[in-house]
Amino acid sequence: MDRRDFIKKSSLGAALGLIAPSLLLESCRKSSMQMNSFSQVKVIDGLFNTPLPIPSPVNASSISSLTAQRATTSIIKNKSTSVYGCHNGILGPFIKVNNGDAVSISFANSLSEETNVHWHGLLVPQNMDGHPDNVIQSGGSYQYNFVVNQRAGLYWYHPHPNMKTARQAYMGLAGFFIVNDAEEAALNLPSGDAEIPIVIQDKRFHPDYSLNYSPNMMDVMNGFFGQYIVVNGVFSPTKDISTKWYRLRVLNGSTARVYNLALSNGANFYVIGSDAGLLSTAESTSSILLAPGERIDLLVDFTSYGIGTEIYLQSNSFSGATIQGDDSFKILKFAVTQSSSDSFTPPTTLSAITPIPVSQAVNTRTWTLGGMNMGGNMSGGNSGGMMGGSGNMNMQMLHTINGKTYQSNEILATVSAGTTEIWEIDNSNNDEIHPMHIHGVQFQILSRTGGRNVLVASEKGWKDTVLLMPREKVRLIMTFPQHSGKFLLHCHNLEHEDSGMMVNFEIK
Ligand SMILES: [Cu+2]
């Protein structure tokens with residue numbers, strides 16, 4: 001099925017096929033006025049009485065196989081839900097490696113549809129990267145072999161089949177992948193039960209508690225927002241803790257929702273790491289945005305709280321976006337149940353982050369993000385996309401990169417292995433949020449102009465995903481590794497990705 005067929009058969013296509021352009025424009029104008037009621041799915045608050053599942057890290061050397069399969073689990077307490085996973089329930093095993101380790105995993109597809117594995121943030125050869133060209137058919141298998149050669153950090157894995165990534169990740173195919181190294185180990189950061197992996201996702205349910213993934217046209221435009229915030233596969237979780245320091249390794253595994261992470265008592269916490277490992281120094285803050293695909297490494301000081309204290313990890317409302325951010329809600333309860341003595345203090349220096357010199361760049365490329373402008377003026381947008389060239393409708397229906405939607409055989413940039421480039425990602429004509437992810441390379445962010453106009457704490461290290469709020473432009477610098485082949489630049493709003501906001505580039 002090509003994209004045109006998909007669009008015809010999808011709810012988006014149905015909507016587009018059935019509505020004449022003039023009516024559609026009118027409908028968009030109306031929904032622009034009703035933007036919040038249309039797209040702001042109000043989060044349902046829970047009782048926070050379900051123990052947070054903490055997956056145990058398993059050394060990659062002891063994982064020889066992974067099977068994508070249907071499973072049944074309890075996301076909402078005492079309710080049974082059919083999901084996808086890579087072991088008995090939702091999500092996959094928490095894979096742990098040391099830098100330098102070899103990974104050799106036989107992946108089997110027991111689903112009734114094609115899938116694959118993208119090792120998000122891992123620098124692996126093209127045929128190991130889970131490119132949409134490399135899918136495993138139902139009943140098939142594939143051998144993922146690679147050697148990890150990168151700094152410590154919280155990475156993750158999820159499927160990447162063209163036009164199916166969002167639903168498969170939403171159904172539960174995702175897992176943590178942690179890389180450890182000697183530099184990080186020497187810091188003696190909180191570990192064991194004081195190091196908590198947290199994946200935040202949002203879900204909708206049918207009345208029978210089956211998962212509801214049915215994006216309509218507006219959900220494709222904005223992202224599919226769930227009413228139930230789910231952490232490590234459960235809704236309304238609680239975690240008993242002691243009076244000590246904790247290291248929270250947080251992954252935003254939602255398809256579209258951005259979280260503005262904060263503690264319910266307003267206390268500051270330290271940001272010590274980002275997508276691709278530790279920052280150079282810890283930075284104290286009381287809230288920070290985490291976009292889909294991004295990871296953040298936090299240190300939280302619980303030493304001074306009394307037994308019985310309850311503190312929530314929550315998402316505060318945030319400004320700057322029209323389609324999300326109004327809501328503030330609790331994510332996870334920390335219940336202080338034990339006292340302990342802890343002499344830990346955050347290290348002043350975490351890691352050496354050597355900036356890539358701008359003078360090293362051999363090329364600057366601009367990637368202009370296009371989307372439907374829902375703000376006051378409808379004159380934005382350029383050609384391309386579904387509605388490009390359709391006469392009086394000067395707007396786009398699909399999200400584009402340089403005016404293009406994804407075509408598997410089209411390569412929009414060719415870069416040379418070992419060279420450095422500056423990539424400018426330009427969302428300055430857009431009212432939408434786009435977390436942009438690049439496969440096969442890690443980057444540093446040089447600057448952000450427009451919108452927030454600054455780099456936040458988690459953006460001062462190595463990254464693979466960067467959040468573009470409306471009207472923002474970022475400049476990234478990166479040196480391409482010696483892995484030749486096709487890699488992807490795409491939006492990690494997975495509804496945007498699946499509707500074509502993805503391009504190939506080639507490393508030669
Ligand atoms: Cu996007």
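A residue is called buried when its relative accessible area is under 20%, exposed when it is over 50%, and partly exposed in between, with a 1.4 Å probe and protein chains only; by that definition both Glu-184 and Arg-247 are buried. The structure is a predicted model, in which local features need pLDDT of at least 70 and side-chain atom pairs count only at pLDDT 80 or more, whereas totals for chains, interfaces and linings use all residues. Residues are numbered from 1 along each chain as its sequence is written, and side-chain values use heavy atoms, with hydrogens and water left out.

**The chain as a whole**

- The chain contains eight helices and 32 strands, where helices (H or I, at least four residues) and strands (E, at least two) are DSSP runs numbered from the N terminus.
- Of its 508 residues, 59% count as buried, and the chain exposes about 18200 Å², of which carbon and sulfur atoms supply 48%; these areas come from the Shrake-Rupley method with a 1.4 Å probe, and for residues only the protein chains shown count as cover.
- Among contacts (heavy atoms within 4.5 Å) in the chain with a separation of 6 or more, 77% are between residues 24 or more positions apart.

**The copper site**

- The copper ion has His-434 (ND1), Cys-491 (SG) and His-496 (ND1) as its protein donors, at 2.0 to 2.1 Å; donors are N, O and S atoms within 2.8 Å of the metal (3.2 Å for Na, K and Ca), and since water is not among the atoms, sites may look incomplete.
- Along the sequence, the spacing of the donor residues is H-x56-C-x4-H.
- Cys-491 counts as buried because its relative accessibility is 0%, and His-496 counts as buried because its relative accessibility is 0%.

**Aromatic pairs and charges over rings**

- Rings of Phe, Tyr and Trp (its six-membered ring) pair if their centres lie within 6.5 Å, with planes under 30 degrees apart counted as stacked, over 60 as edge-to-face and the rest as tilted; by this rule the count comes to 25 aromatic pairs.
- Tyr-259 and Phe-329 make an edge-to-face pair, because their ring centres are 6.1 Å apart and their planes stand at 80°; this pair links distant parts of the chain, with Tyr-259 in strand 16 (residues 259–263) and Phe-329 in strand 22 (residues 329–338), 70 residues apart, and both Tyr-259 and Phe-329 are buried.
- Trp-423 and Phe-480 form a tilted pair, 5.7 Å from centre to centre with 50° between the planes; because Trp-423 lies in strand 26 (residues 420–426) and Phe-480 in the loop between strand 30 (473–479) and strand 31 (485–491), the pair ties together parts that are 57 residues apart in sequence.
- Trp-423 counts as buried at 0% relative accessibility, and Phe-480 is buried with a relative accessible area of 1%.
- One aromatic cluster is formed by Phe-107, Trp-119, Tyr-142, Tyr-144, Phe-146, Tyr-157 and Phe-177.
- A charge sits over a ring if NZ of Lys or CZ of Arg is within 6 Å of the ring centre and within 35 degrees of the ring normal; Arg-204 lies over the face of Phe-224 at 3.8 Å from the ring centre, and Lys-330 lies over the face of Tyr-312 at 4.5 Å from the ring centre.

**Salt bridges**

- A salt bridge is a side-chain nitrogen of Lys or Arg within 4 Å of a carboxyl oxygen of Asp or Glu, and by this rule the count comes to 25.
- Glu-184 and Arg-247 form a salt bridge whose closest N and O atoms are 3.1 Å apart; this pair links distant parts of the chain, Glu-184 being in helix 6 (residues 182–185) and Arg-247 in strand 15 (residues 245–252), 63 residues apart.
- Glu-195 and Arg-249 also meet in a salt bridge, at 2.7 Å from N to O, and link strand 11 (residues 195–203), which holds Glu-195, to strand 15, which holds Arg-249, across 54 residues.
- Glu-195 is partly exposed, with a relative accessible area of 22%, whereas Arg-249 counts as buried at 2% relative accessibility.
- Glu-184, Glu-195, Arg-247 and Arg-249 are linked, together with Asp-297, in a network of salt bridges.
- Lys-404 forms a salt bridge with Glu-410, with the closest N and O atoms 2.8 Å apart; Lys-404 is partly exposed at 34% relative accessibility, and Glu-410 is partly exposed with a relative accessible area of 23%.
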